[in-house]
Amino acid sequence: MKVVVDLSRCQGYAQCAFLAPDAFRMHGEEALMYNPTPDDAQRERVLRAAAACPLQAILVDTSEERDTPVQAPPS
């Protein structure tokens with residue numbers, strides 16, 4: 001899972017930090033700090049946090065393609 005926050009859109013409402021404190025936290029009153037690669041144990045919380053963002057500034061990529069090794073075609 002990969003998380004990207006558009007910090008130019010983020011207004012510091014801190015809904016994400018409340019819902020997924022292990023992945024998002026506020027630094028001061030307005031600066032958001034986040035883990036761009038939270039572990040799968042946090043998946044549900046991170047998805048809820050992204051959905052709760054009033055400005056939809058959080059993008060979560062849950063595609064498994066990156067974690068799947070590419071197999072060579074049979075010879």
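Gln42 is buried, with a relative accessible area of 12%; buried means under 20% relative accessible area, exposed over 50%, and partly exposed in between (1.4 Å probe, protein chains only). The model is predicted: local features need pLDDT of at least 70, side-chain atom pairs count only at pLDDT 80 or more, and totals for chains, interfaces and linings use all residues. Residues are numbered from 1 along each chain as its sequence is written, and side-chain values use heavy atoms, with hydrogens and water left out.

Gln42 lies in the loop between β3 (31-34) and α2 (43-52). Helices (H or I, at least four residues) and strands (E, at least two) are DSSP runs, numbered from the N terminus. Neighbours within four places in sequence aside, Gln42 contacts Met1, Asp22 and Ala23. Contact means heavy atoms within 4.5 Å.

The protein chain has two helices and four strands. Their order from the N terminus is β-α-β-β-α-β. Of its 75 residues, 27% are buried. Among contacts between residues at least 6 apart in sequence, 59% join residues at least 24 apart. The accessible surface is about 5500 Å², with 51% belonging to carbon and sulfur atoms. These areas come from the Shrake-Rupley method with a 1.4 Å probe; for residues, only the protein chains shown count as cover.

The largest nonpolar core holds 16 residues. Such a core is a set of buried Ala, Val, Leu, Ile, Met, Phe, Trp, Tyr and Cys residues joined through side-chain atoms within 4.5 Å. Val3, Phe24, Val46, Ile58 and Val60 have the most contacts inside the core. Two or more residues each come from β1 (2-5), α1 (15-19), α2 and β4 (58-61). The largest share, three residues, is that of α2.

β4 has a covered face, Ile58 and Val60. Its uncovered face carries Leu59 and Asp61. Not counting residues up to four places away in sequence, Val60 touches Met1, Lys2, Val3, Val46, Leu47 and Ala50. β1 and β4 run antiparallel and are joined by four bridges; strands pair if DSSP finds at least two bridges between them. Lys2 stands opposite Asp61 in β4.

One cavity of 30 Å³ or more is present. The largest cavity has a volume of about 100 Å³. Of its 15 lining residues, Cys10, Tyr13, Ala14, Cys16 and Cys53 are the closest to its centre. A cavity is a set of points, on a 1 Å grid over the protein atoms alone, where a 1.4 Å probe fits but cannot get out; lining residues have an atom within 4 Å of a point. Grid points are joined across faces, edges and corners, and a volume is the space filled by probe spheres set on the points.

Technical notes:
On a 1 Å grid over the protein atoms alone, a cavity is a set of points where a 1.4 Å probe fits but cannot get out, and a pocket is an open set with protein on both sides within 12 Å along at least five of seven lines; lining residues have an atom within 4 Å of a point.
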